[in-house]
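Here is a short report on one protein model. Keep the sequence and the 3D view open as you read.

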Amino acid sequence: MLIKGDLVRLPQGTVVVEERREDHALSITQQPEYAIIVDTSTDKEFPDNVKVLIDNKLMRVNKRKLQLIGGA
């Protein structure tokens, strides 16, 4: 289970959606990325996605693609 503040890894080829853009710009990671979980609550538009912070940008990513770093 992911919680706010978790460090996660996004594999190469993961689809990410930029949060702040009105057109919900999609992009695909070209290399593995690291991110921090910002919000795990779901909404109607993106029910399987969580909000993450990547390079000072808020993005939405499918939570099934994320790999938790560390943890117990």
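## Ground rules

A residue is buried when its relative accessible area is under 20%, exposed when that area is over 50%, and partly exposed in between (1.4 Å probe, protein chains only). Pro47, at 46% relative accessibility, counts as partly exposed.

This is a predicted model, in which local features need pLDDT of at least 70, side-chain atom pairs count only at pLDDT 80 or more, and totals for chains, interfaces and linings use all residues. Residues are numbered from 1 along each chain as its sequence is written, and side-chain values use heavy atoms, with hydrogens and water left out.

## Overall build

The protein has seven strands and zero helices. Both kinds of element are DSSP runs, numbered from the N terminus: helices are H or I with at least four residues, strands are E with at least two. Read from the N terminus, the order is β-β-β-β-β-β-β. The radius of gyration is 11 Å, close to the 11 Å that the globule rule gives for 72 residues, so the protein is as compact as a globular protein of that length. That radius is taken over C-alpha atoms, and the rule is 2.2 Å times the number of residues to the power 0.38. Along its principal axes, the C-alpha trace spans about 40 × 25 × 20 Å.

Of the 72 residues, 32% count as buried. The protein exposes about 5,000 Å², and carbon and sulfur atoms supply 49% of that area. Accessible areas come from the Shrake-Rupley method with a 1.4 Å probe; for residues, only the protein chains shown count as cover. Contacts tell another part of the story. Contact means heavy atoms within 4.5 Å. Among contacts between residues at least 6 apart in sequence, 45% join residues at least 24 apart.

## The largest pocket

Rolling a probe the size of a water molecule over the atoms shows where empty space is left. The search runs on a 1 Å grid over the protein atoms alone; a pocket is an open set of points where a 1.4 Å probe fits, with protein on both sides within 12 Å along at least five of seven lines, and lining residues have an atom within 4 Å of a point. Grid points are joined across faces, edges and corners, and a volume is the space filled by probe spheres set on the points. The largest pocket has a volume of about 160 Å³.

Which residues line the largest pocket? They are Val16, Ser27, Ile28, Thr29, Gln30, Glu33, Ile54, Asp55, Lys57 and Met59. Strand 3 (26-28) and strand 6 (57-62) each supply at least two of the lining residues. By class, the lining has four nonpolar, three polar and three charged residues. Here Ala, Val, Leu, Ile, Met, Phe, Trp, Tyr, Cys and Pro are nonpolar; Asp, Glu, Lys and Arg are charged; the others, Gly among them, are polar.

Leu53 lies in strand 5 (residues 49-54). Leu53 is partly exposed, at 32% relative accessibility. Beyond its neighbours within four places in sequence, Leu53 is in contact with Tyr34, Ala35, Ile36, Val38 and Leu58. Gly5 is 48 residues away from Leu53 in sequence, but 9.8 Å away in space, C-alpha to C-alpha.

Glu19 sits in the loop between strand 2 (15-18) and strand 3. Its relative accessibility is 21%, so Glu19 counts as partly exposed. Setting aside neighbours within four places in sequence, Glu19 is in contact with Lys51, Leu58, Met59 and Arg60. Glu19 and Leu53 are 34 residues apart in sequence and 9.9 Å apart in space, C-alpha to C-alpha.

## The loop between strands 5 and 6

Asp55 is in the loop between strand 5 and strand 6. Asn56 is found in that loop too. Are these residues buried or exposed? Asp55 is exposed, with a relative accessible area of 65%. Asn56 is exposed at 74%.

Now check the backbone. Phi of Asp55 is near 50 degrees, a positive value in a residue other than glycine. Asn56 is not a glycine either, yet has a positive phi of about 65 degrees.

## Two prolines in loops

Pro32 lies in the loop between strand 3 and strand 4 (33-39). Pro32 is partly exposed, at 35% relative accessibility. Not counting residues up to four places away in sequence, Pro32 touches Arg9, Leu10, Pro11 and Gln12. Pro32 and Leu10 are 22 residues apart in sequence and 5.5 Å apart in space, C-alpha to C-alpha.

Pro47 is in the loop between strand 4 and strand 5. Leaving out neighbours within four places in sequence, Pro47 is in contact with Thr42 and Lys63.
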